[in-house]
Amino acid sequence: MYKYIIKRILIAIPVIIGITIIDFIIMNLAGNPLEMIQGARVSQEALEVKRVVLGLDKPIYIQYVIWLKELLRGNLGYSIRSYQSVSQMIRSSIGPTLLLMGASLVVSLIIAVPAGIYSAVHQYSKGDYTIVTLSFLGTSIPGFFLALIFIYIFTVKLNWLPSSGMSTLGTETSIVDIIKHMVMPVMVLSASLAGTNIRYIRSAMLEILQKDYLRTARAKGIGRFRVIYKHGFRNALISVVTVIGMHITLLFGSTIIIEQVFSWPGLGLMTMNAIINRDYPVIMGVCLITAIVVLLTNLITDILYAWIDPTIQFK
Amino acid sequence: MIKRKIDKKEMNYRYQNRSWERFKRHKLALAGLVFLIVMSLLALLAPWIAPYDPNEVAGGFSKAPSLQFIFGTDQVGRDVFSRLLHGTRISLLVGLAATAVSTVIGVILGLISGYFGGWVDMVIMRFTDMVMSFPYILLVLVSAAIFGPGLLNIILILGFVDWPGVARLVRGNVLAIRENNFIKADLVAGLPGKYILFSEILPNTIAPILIYATSVVAISILDEAALSFLGMGIQPPQASLGNMLNGAQSLSVLTSKPWLWIPTGSLIVLLVISINFIGDALRDAFDPSGN
């Protein structure tokens, strides 16, 4: 068990180093920071001085090592536009994004778990077909289009929910206000996530419902609910845990787009602004942090998986 | 009982027939297939059947649907119906071409990784892990910002970012197939590696690749739409289903000109859901464990 965990961590180390290398290469591909400060009023000598100050006169691998050293100290560089420190910018905007992602993950599971189990238990029934069709609709609808529909219905027509930002301007921030602002983005994000999860839980449950130990449980006469919940779903849960890690990447991607539509003041909105402004230190800082977070999530789910499932082989 | 030698051709025929029988059971997939064929034909023939030039001003600004313009006109007076046809053409092209690029890359890397194993496998799989750790949309957005938007770039970017899934799938299949006796027989017989890889292993993993590819087509169409919606994809005046929705970010379009965004968005949903239904039915049809 410990051997397995140590092995997984050892595998993750070269991957993290690789991620920093990819990130550094992309940042260099993106262009020279000097080009961005170039202008009529900047003299050639000043540029040369800046070049030395930024360490751009050194060979590329030395630049990488310097960058990596700074990275270990928590310095992700500075924004070209606002001159703020990138780590500071990420720290101040990651909260709203995590709030949105966490809520969407929870809501999607609240929808998907009962729906998936119902679908599997009543396979080929009308309810099953409806749920599966709806789950396909959830994964097939572009998030931004669903967001537009929601804004049209709930903001424009019914005037129930606010469509932009995290809190109403000019009022004191209250939890109720934030929740009101969260409803639509969370609904949009959890729709596609629930769509995938429903089909995943359904097939995991279907597989388990055919197992011998479930037949035994039924034969014992312990009641339908306990058979399905205690013996069925608990085992299906193991496979669900493993896909959560994969979902984090997808969820983060859709969050970037949805934050844009709802002007949600999170990492996605900040990143999109950076992309439009070609503010590469910010973009690459975000890329790096998210990639490492995703990798760590996968590592944790793998370990969790090994821990939950006693039958897994630690090869 | 009459024993009959079944030749390979007939075996194939029977297999395909049975798969088709199973595919047909999925009514929604059949409907999706019909819809997709009709839309592909309309998209292919767009230059001849579109009533107006998609990029030319044809009438007044933002005119509501009428007999003359069945889906109305957009903010600069272009015919929405003609733009829808041309936009579908672009969206389907991006979906198919990006999938072709990513599938080729993924299949090659997966085959190499699974067949050779050892350190080659180790290097390719760790590289796959790295690419998979970056959020997909973020990589696409950053690449679009670096290499610039545009049709060819979008196809290449989507293709070059989305191969890890295929690579992992192919690798897994190769590992499983390699354990079969017919491959061991090939090895014992001393057949060349190239033959075993391309004539024995690859054909046996075509079905899962195709099934996976259908979902990649769907995802690529969605991503093109999202990218163009954000203004980082296909650039106007060229129409794509995504950039046609770009205008709906303004509140006046959203509230009072529904013909500018509802038909376009619904078309994306219908195209993508059709492809997803077909993929699901294919999975069922080619699943060897099914009955």
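Predicted model: local features only at pLDDT ≥ 70, side-chain atom pairs only at ≥ 80, totals over all residues.

Student: Okay, so why is B:Tyr115 called buried?

Tutor: B:Tyr115 has a relative accessible area of 17%. The cut-off is under 20%, so B:Tyr115 counts as buried.

Student: And what about B:Phe116, buried or exposed?

Tutor: Its relative accessible area is 54%. Exposed means over 50%, so B:Phe116 is exposed.

Student: How do you know that A:Tyr64 is buried?

Tutor: A:Tyr64 has 14% relative accessibility, and A:Trp67 also has 14%. The limit is under 20%, so A:Tyr64 counts as buried, and so does A:Trp67.

Student: Where do A:Tyr64 and A:Trp67 lie?

Tutor: Both are in helix α4 of chain A, residues 60-72. They're three residues apart, about one turn of the helix.

Student: How many aromatic pairs are there over all chains?

Tutor: Twelve.

Student: What makes the pair of A:Tyr64 and A:Trp67 tilted?

Tutor: First, check that they pair: the ring centres are 6.1 Å apart, and the limit is within 6.5 Å. Then look at the planes, which are at 35 degrees. Under 30 would be stacked and over 60 edge-to-face, with the rest called tilted, so this pair is tilted. Ring pairs also link A:Tyr64 and A:Trp67 with A:Phe24 into a cluster.

Student: Back to chain B, then. Why is the pair of B:Tyr115 and B:Phe116 called edge-to-face?

Tutor: The centres of B:Tyr115 and B:Phe116 are 5.3 Å apart, with 85 degrees between the planes.

Student: What lies over the face of A:Phe136?

Tutor: A:Arg199, at 4.0 Å from the ring centre. The distance limit is within 6 Å, and A:Arg199 comes in at 4.0 Å.

Student: Now the two chains together. How many residues of chain B are in contact with chain A?

Tutor: 38 residues of chain B are in contact with 44 residues of chain A. The two chains bury about 3700 Å² between them, 86% of it on carbon and sulfur atoms. B:Ser133, B:Phe134 and B:Leu138 supply 16% of the area that chain B buries there, more than any other three residues.

Student: Which helix gives the largest share of the side of chain B that touches chain A?

Tutor: That's α14(B), with ten residues.

Student: What are the chains built from?

Tutor: Chain B has 14 helices and zero strands, and chain A has twelve helices and zero strands. Buried residues make up 50% of the 291 residues in chain B, while in chain A 47% of 315 count as buried.

Conventions:
Residues numbered from 1 in each chain as written. Chains lettered and ligands numbered in written order. Heavy atoms only, no water. Phe/Tyr/Trp six-rings, centres within 6.5 Å; stacked < 30°, edge-to-face > 60°. Helix = DSSP H or I, 4+ residues; strand = E, 2+ residues; numbered from the N terminus. Buried < 20%, exposed > 50% of the residue type's maximum accessible area, 1.4 Å probe, protein only. Lys NZ or Arg CZ within 6 Å of the ring centre and 35° of its normal. Contact = heavy atoms within 4.5 Å. Buried area = accessible area lost by both parts, 1.4 Å probe.
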